[in-house]
Amino acid sequence: MPQSMLASMWMPSAEELSQLAPLFALVATIVALLLAAMFTNRNRNVAASIVTLGAIGTGLLAWKRLQSGAPSWAGFDPNGMGPMLISDTFSQFFIVLACVFMLVVTAMWWLGQKSDLPDSEVHRMDATEFFVLFVGSAFGMSLMVSTTNLLMIILAVEMASLPSYGITAFRKKNRVAAEASMKYVLFGAITSAIMIYGASLLYGYYQTLDLATIGMKIAADMQAGATTGTLFLSVAVFAFMVGIAFKVSAVPFHFWCPDVFQGASIEVTTWLSVASKAAGLGLMLRVLSVIICAPSAFPVEAFKYVSLAIAIMAALTCTVGNLAAYRQMNLKRLLAYSSIAHAGYMLMAVAILWSPTDAGIGAAHPAFSAIVSYIIVYLLMNAGAFFVVAMVYWSTGSESITAMNGLIRRSPMLAVCMAIILFSLVGMPPLGGFMAKFYLLMAVWKGGLYWLVVIAVLNTLISLYYYARIVRAMILTDDGLPEISAPMSGQLIVAMCTIGIILTGVLLGPMKEIANNNASNLYAVVKSDVAPRTASAAGPSAATPNTENADTAPTIP
Amino acid sequence: MDASLVLNLVIFGPLLGMVLVLIAPAEMAKRITWLTSFVVFLLSLTLFPTFLDGSAFDGGYGENMQAVTQMDWINVVGLKIQYHIGLDGLSFALIILTTLVMWLAAWTSWNFNTWKVNKGAKGYFALFLLLETGILGTFASIDFFLFYIFWELMLLPMYFLIGVWGGAKKEYAAIKFFIYTLAGSVLMLVALLAMYYSSADAMNTSTGTFDLITYATNKAIQQNFNDPNHMFLGWNFGKVMFIFLFIGFMIKVPLFPFHTWLPLAHVEAPTPISMILAGVLLKLGAYGFLRVCYPIFPAAATELAFLVATLGVVNIIYGAFCCLAQTDFKRLVAYSSISHMGYVVLGIAVMTTTGFQGAMFQILAHGISSPMCFFLVGVIYDRAHHREINRFGGLWLQMPKYGSLATLGFFASLGLPGLCGFIGEAWVLLGTFNANKVHESMTWAPGMAVVAAFGVVLTAAYILWMIQRVYLGTERKEYAGFPDVTAREAAILVPFAVLAIFMGVMPGYTFQLMNGTIDQVLTLIKPMTAMAFGG
């Protein structure tokens, strides 16, 4: 028996393993961190260096795979039940983004520990723990974009969430941080439970963990003319999406977000504001690309409701985010609401992706592409904005809007960059924020959800006021606060983000091309109708679709 | 030099100047700005020849644009945006007006150091030049997307120019201006998307177009846009888009009831910025009507003509009454802008040759007279440090040269025959009065003209009353030692004065610059308007 078990066990080849190199590199970074702590007496500079090297290494590995035109679908399929892990250009692209952002956050940590605020005390003492958790969440997020297996998705989401709870509470003696972390844990637990419930419904009914197979079975049902089961399918899919909605802080699963952003130290806030959302959206796109690939040929009644639900969620998310930002005086909290609003814009395109109408299917490619563009620009904008807030905070010890007063005199460079970043967040041309939003609105319009476009542009108008409040504090008000001593390297990062924002707005080609390529890679799978994975069998270990199973799928009661 | 190169230099020259301003020491800023705007003005003058000999007006609308640059900005699957600029009779005169007003406004900023808020000279002049690029780019854009980008590009500098260097309520004025204009822009953005995809449907291609000329001249697109059965969310597509665009532009004009940002912004803005606002920025709204709304949605324009004309007349009368009630000198001039822009809208609304010509002429005339009036107010404000009309008196006696130029400027604004304001108003009123002969269903037009004509009387009333209170009457002691206009001030006023007289006495030269294109537009939209009228 053991003999036959061993034989049936799947052993990946070296070539296959090499495709997972970026993920291994992240794990190696964690191990190196723990080992180094033992031998260097928990030296914080060593720890930070390891993370920096790890991020660069992982990023390069992923970049190399991205450049080498990695197959669009390279799955790891141990037992013919569908791939557990996927390594394709899409996942590599997100890993590269995550690594760039890890570097930004590490730079922020490096600069922040020099200030004499209570936060940096913690940073100095427990750097190793901080970084282990930090890289751990990055690893979880990388996993999130590298799988289509229900079980792996849940594991990846938890892998990303659990360390995040920890680093949120890292300001140990801070009550706000503790409360924030508690809220984060509770919300995370509940939404995970709902997500697992949705996953178990899907598994129980379709008897597979592989989302692509589920998609094919749905298609087969549709082909066979099954019209019942709409309610079941919409509930299952929507419950599953709740877990992801929590990650991107969509209303009504957003309550953790402002508290966590305010409570956590600024490095963590920066990290969560972008990485967590990007990973959530990446996962959403991944799930969509496989689960709707097959049924895209058939109007699945259930997806109409899912699409509508997500459209309403998106509309609520950006409206609530923008309106709530009005009253905020704490910059981190304000930016938290702003990030909720931006998640809402991105969800609008997700609603298009679920839409089973002709218009919606026609707009799938632009919608994919638009979300990827938006994530790129959003990363630049948030990195820049949080870095400015961080530098003001280190210098003044305050996170209030009033700390920004007269910034144009106190640090002209930061003020000008921040103003550009904020107007990009509003969506003013000719900045990147506008172009990203424009692509998004184009996709939504093409998908036929006109009312959603109207809500988006109205929200742009609403958002102007609170972003302009910061601009007003920086440039129009001055109450004689002392000058800011902003570190040069920090200023450089802010300047680079700003230049990136301007370039993405003026040179439209490159960003759109990256986004389109990413979308095409995913979309190639989406478009191949009934047998999604045969179309991409070019991948080294792509599975052959299990058509018998699909045919004998039980009809929905 | 090649005309298209000149146009590119004109648009982006100020941007180069801005870079110079940012690099050079602060005390150089105003000199660089002056020089940049002057060079840009001179460059723009070299574009004249083809418009003077009429060769720019051969063929139909958009067939013979001048100084064209056309290249792909982005061309990927499903999206094509072009960098497409060029000039015709609608935009050319406005480009010249802009470069002139910007140059003179830069000169007006010469005494920046004496302002109440005189910090950040670099910032001020850099934003000033950025604004110039935005305005010129908007006038020259043929691609609607490009138009939108430039349109929005103007917003940011203006926000800061009012918000930082303005008067007491500057912050409120700046954000109000910003929010109002952005509200218009987002409506325009919706229309932009809708027009793009509808044009793709109409042409049966996967990629639509943003080209404003193609929108107006392509038969399939015109059919699609003006089809009464083309529905959008249950309403007529053409009408909805026309209204979206119209609201976007009317906020800029500004038309009642979206005019409230204007008096505030004007009063709080520093003098040169008020000059730009009144002289150029308001014109963008009217230009938008002429370039976007009317040639592209003629059916909707015809159906909504009564509404638009009414808005124009309300502006004329309401603005004039508001002027009568003002005690603040600058506020009075601001409200007079509202009143004068009413004529422009009325002239456009009736869609007759005379009406369009009058509207275009009024745009230019107001572009000359209103900056002059704002400058005149600025001159006296620099000396008296208040703007209460009732506290002035007898200024002509104390400052004879200033008094003479001021009277000329205000008479031009009043519409005195022989000065620029008269021609525009007269043409608009004539065009409106006769409109029922051109379009049978416009039976209301003569009545509209009669009501609008009362505006002329009201204008005379508020201007003459103001002149009486400020410049006539007995000398007042508190203004005794006021110096007359300086050489710099005179140099700014004289070009305005000369143009006001020139355009008033020999309007033909001005008409010559635009009539050709106006005819082309009217010929183009004639079938559609005739259809919409059921004729």
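Me: How many salt bridges does the rule count over all chains?

Reply: This is a predicted model, where local features need pLDDT of at least 70, side-chain atom pairs count only at pLDDT 80 or more, and totals for chains, interfaces and linings use all residues. Residues are numbered from 1 along each chain as written, chains are lettered from A and ligands numbered from 1 in the order written, and side-chain values use heavy atoms, without hydrogens and water. A salt bridge here is a side-chain nitrogen of Lys or Arg within 4 Å of a carboxyl oxygen of Asp or Glu. Over all chains, the count is ten.

Me: Which residue forms a salt bridge with A:D259?

Reply: The closest N and O atoms of the pair with A:D259 are 3.0 Å apart. The pair links distant parts of the chain, 74 residues apart: A:D259 sits in helix α12 (residues 256-263) of chain A and its partner in helix α15 (residues 331-354) of chain A. Helices are DSSP runs of H or I, at least four residues, and strands are runs of E, at least two, numbered from the N terminus. The partner is A:R333.

Me: How much area do chain B and chain A bury between them?

Reply: Contact means heavy atoms within 4.5 Å, and 33 residues of chain B are in contact with 32 residues of chain A. Buried area is the accessible area (1.4 Å probe) lost on putting two parts together, summed over both. Carbon and sulfur atoms account for 86% of it, and the total is about 3100 Å².

Me: Which element supplies the largest share of the side of chain B that touches chain A?

Reply: β1 (66-76), β2 (79-87), α6 (144-153), α7 (155-165) and α8 (170-203) of chain B each supply at least two residues of that side. By class, the side has 30 nonpolar, one polar and two charged residues. Nonpolar means Ala, Val, Leu, Ile, Met, Phe, Trp, Tyr, Cys or Pro, charged means Asp, Glu, Lys or Arg, and the others, Gly among them, are polar. With 14 residues, the largest share comes from α8(B).

Me: Which element gives the most to the lining of the second largest cavity?

Reply: A cavity is a set of points on a 1 Å grid over the protein atoms alone where a 1.4 Å probe fits but cannot get out; lining residues have an atom within 4 Å of a point. Both chains line this one, with A:F434, A:K437, B:Y148 and B:E152 among the residues. Its lining has seven nonpolar, two polar and two charged residues. With four residues, the element giving the most is α20(A).

Me: What is the volume of the second largest pocket?

Reply: A pocket is an open set of grid points with protein on both sides within 12 Å along at least five of seven lines. Its lining has 32 residues, and A:V96, A:L97, A:V100, A:I376 and A:I514 lie nearest the centre. α5(A) gives the most, nine residues. Points are joined across faces, edges and corners, and volume is the space filled by probe spheres set on them; here it is about 920 Å³.
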